[in-house]
Amino acid sequence: PDHPVLSVRRQCELIGLNRATYYYEPVKETPLNLTFMRLIDEQYMRTPFYGSPKMTEYLRSLDYCVSPKRTTRLMRVMGLQAVVPKRRMTKSNPDHKVYPYLLRNVPIVRADQVWSADITYVPMDQGFMYLVAILDWFSRYVLSWQLSNTLDNNFCIKALEEALEHNRKPAIFNTDQGVQFTSHNFTERLESAEVKISMDGRGRVFDNIFIERLWRSVKYEDIYLRNYSAVIGLEQGLDRYFQFYNNERFHQSLDYKTPTQVYYAGLL
């Protein structure tokens, strides 16, 4: 940090480190809350239809004394909600345009036809991070990913820019209606690239199913097994995992080919 010539920002650029990672400090949650959050995250991967009442009962079944209020707050921090229809309790930001869902009954026949993005909570030994990934629907190929210690949309923009490199772009880009994806700078970047924007309907479980399966794979095959204690270790570990996922991991749904094989073979 005291380098006489290179700023911290420039040093981070040179080694490929997200500047938010450099300034990361463990989130100020108690060890017990972090335990609850990990248990909630693992259970949510199994039962994404659990809201805070059922999740509270699940924690109590493990002999933890936890209130519904605490469970609700922790799930909000984690960005989790039950994937079932419910009453609309909040209003959308009027400055954010919400786009229609464009993929109903649309056959997916080639690479770069539909991309999808989503954010997930990543538990760590002494804190947590948020992970965004952009996925090609046809091949399950992970085009880009980024980590952040906050839920602002800067890391989503960075992942989008990386995915759009090398003159590639999708015909349709699908996300949920989260503020990171409805923000003006995110949608404007897609519109400037002449990409059609699709957004999941409220309460629709299967609109973004492929990236939900990605989260299940990366958590059960890497994050839960390794229990990362430092952000730099998490970044390195995820880099290794996504390389494995794209280039070595055979998918039954892809006729036991890798995403990389299917993606590049599927480009028209």
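Please keep in mind that the model is predicted.

Let's start with strand β2, residues 127-136. How many of its residues are buried? That would be 10 of its 10. Both faces are covered: G127, M129, L131, A133 and L135 are buried on one side, and F128, Y130, V132, I134 and D136 are buried on the other.

Now for the partners of β2. Strand β1, residues 114-124, pairs with β2 in the antiparallel sense, over 10 bridges. The hairpin that joins β1 to β2 runs through two residues.

Y130 stands opposite S148 in β3.

Where is L151? In the loop between β3 (142-148) and α6 (154-163). Its relative accessible area is 32%, so L151 counts as partly exposed. Beyond its neighbours within four places in sequence, L151 is in contact with V77, I119, Y130 and Q180. The C-alpha atoms of L151 and M78 are 9.6 Å apart, although 73 residues separate the two along the chain.

Last, the cysteines. C12 is buried, at 4% relative accessible area, whereas C65 is exposed, at 78%. And the number of disulfides in the structure is zero.

Technical notes:
Residues numbered from 1 in each chain as written. Predicted model: local features only at pLDDT ≥ 70, side-chain atom pairs only at ≥ 80, totals over all residues. Heavy atoms only, no water. Disulfide = S-S within 2.5 Å. Buried < 20%, exposed > 50% of the residue type's maximum accessible area, 1.4 Å probe, protein only. Helix = DSSP H or I, 4+ residues; strand = E, 2+ residues; numbered from the N terminus. Contact = heavy atoms within 4.5 Å. Pairing = 2+ DSSP bridges.
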